[in-house]
Structure formats: C-alpha cells, structure tokens
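Biologist: I am new to this structure and would like to go through it with you. Could we start with how the chains meet?

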Amino acid sequence: MVTQVTSFGRSGLYDWMVQRVSAVVLSLYTIFIVGYLVLNPELTYDQWSGLFETTWMRIFSLLTFLSIGVHSWIGLWSISTDYIKATGVRFFFQALCGLTMFVYVVWGVQALWGL
Amino acid sequence: MVKKVVNKKRPVNLDLASMSMPVTAIVSILHRITGVILFVGLAFLFYAFDLSLDSQAGFDQVVSTLQTNFLVKFIIWGVVSALMYHFVAGVKHLFMDMGYFEELQSGRIAAIANLIVAAILIVLVGVWIW
C-alpha cells in the first residue's frame, strides 16, 4: 500500500468519509443561510449580529468553517495529485492551499468572536 | 527463452482532441471547476461576513454595495452559482455512493438533471441578486 503523507487522514477511505460528512455539514449550512436571507429581505444589523451571538449558531458556524477547511483540502488535494505531476510544484500548490484554508478558518473565528 | 509477444496493432496514442466528452464527464469536471472557484470565492464571502458582523456601518456598507455595485453583484452571483452547482453535483454524488445512477442510461439522465436543476437555481440566484 502506498501511503500518502499529504492526504488529510493518510488513508483514502478516511478521506472519503470525512469528505462526505463535511459535505453534509456544508450543505445544511448553505440551506440555512440562503433560506434565512431569502426569508428576511429586510434584515437589520441587530437581527444579523443577534443570530451569530447565539451559541448554537456559533457552534454551527465553527463546524462549517472547519468543514470548509477539510473539505477543500481533500478536494484540492485530489485535483492537485491528478493534474500536477511535478512534486515540487504540487507541494507548493498544496502548501498555498493549506495556508489559505487556515486563514479562512481563523478569519471566520475572528469574525464570529470579534476582537 | 520466453518469446516477447508484441501486439503491433495496439493503439500507441489516443488523440484526446478527437473524443468528445460525454455529459457525465462534463458534469464531473464542472464539479471540480466549481470547487476551485468556490475556494477562491470564499475570500469574498469571508470578507463580506466579517464586515457585516463588525459594526452597523460595516453591515450597511455590505448591504448597499450588494444593492448598487454591478461588479460586486456579478462576483457574488458567480460565487453563489458555483455553490449551487457544487451543491447539486454533491447531492448527486451522495446518491451515487448509495448505488443509484450507476448505469449508463440512469447516469446520463442524472447528469442531465444535475445540469437542469443547477441552471434553474443559478437563474433564481440571479433574480434574487438583481
């Protein structure tokens, strides 16, 4: 068996499963946010910030940010291992993606919890 | 000594340009392309999300920009469209994991349905934004 040091869980089956679980989280969050915005066309700042001050919404959002991180890692890892054959270039691409994901997660946390 | 068997008739090169992609392949590659678009587009979403929760002024700025700036509307439409496509293709993928749409005929129908549903959602998102 070839072990891949750059795959998320070092195992294809594990990555496969994580990709699906995170996909379900992301789809539920998408449905919720789009539904919320469609149903509240006259949304105010107090309403919007109030929503993200609730504990359940912070949990749901943080779960989503982490899902974005792992889901995009596994997806972009698959794509980069398919199309980028040169190891150095692929490593650089994956490193860039990893950094961007990390920035997204921290950015989301900072937006949720303020200063 | 073992005689080397070489089949001279085997194809050496496949001319990829001579083959057309079946609809299932188009749906699959679009799933990947929209995934990459989303990864980049997330920067806009995180920026807007951060600004909208930052203060009343930030929230007003996000709302007014989304209502007036054509370029911003177009970008957000593009990102949300990619999200809609990726969402529909992902749901189809989950069904395929469970063993549905794996035959040639059902697979083609599911792929075409994927394109139609995504197109409808993308138009609706456009109507919503404008």
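Predicted model: local features only at pLDDT ≥ 70, side-chain atom pairs only at ≥ 80, totals over all residues.

Biologist: How many salt bridges does the rule find across the interface?

Modeller: The rule finds two between chain A and chain B. In a salt bridge with an N to O distance of 2.4 Å, the side chain of A:R20 meets that of B:D97.

Biologist: And how many residues are in contact on each side?

Modeller: On chain A there are 32 residues in contact with 25 residues of chain B. The two chains bury about 2500 Å² between them, and 75% of this lies on carbon and sulfur atoms.

Biologist: Which three residues supply more of chain A's buried area than any other three?

Modeller: Those are A:Y45, A:Y104 and A:W107, which supply 28% of the area that chain A buries against chain B.

Biologist: Changing topic, how many helices and strands does chain B have?

Modeller: Chain B has four helices and zero strands, in the pattern α-α-α-α along the sequence.

Biologist: What does its C-alpha trace span along the principal axes?

Modeller: The trace of chain B spans about 85 × 30 × 30 Å. Its radius of gyration is 22 Å, whereas a compact globule of 130 residues would have one near 14 Å.

Biologist: What share of chain B is buried?

Modeller: Buried residues make up 28% of the 130 residues in chain B.

Note on methods:
Residues numbered from 1 in each chain as written. Chains lettered and ligands numbered in written order. Heavy atoms only, no water. Contact = heavy atoms within 4.5 Å. Buried area = accessible area lost by both parts, 1.4 Å probe. Salt bridge = Lys/Arg side-chain N within 4 Å of Asp/Glu carboxyl O. Helix = DSSP H or I, 4+ residues; strand = E, 2+ residues; numbered from the N terminus. Rg over C-alpha atoms; globule rule 2.2 N^0.38 Å. Buried < 20%, exposed > 50% of the residue type's maximum accessible area, 1.4 Å probe, protein only.
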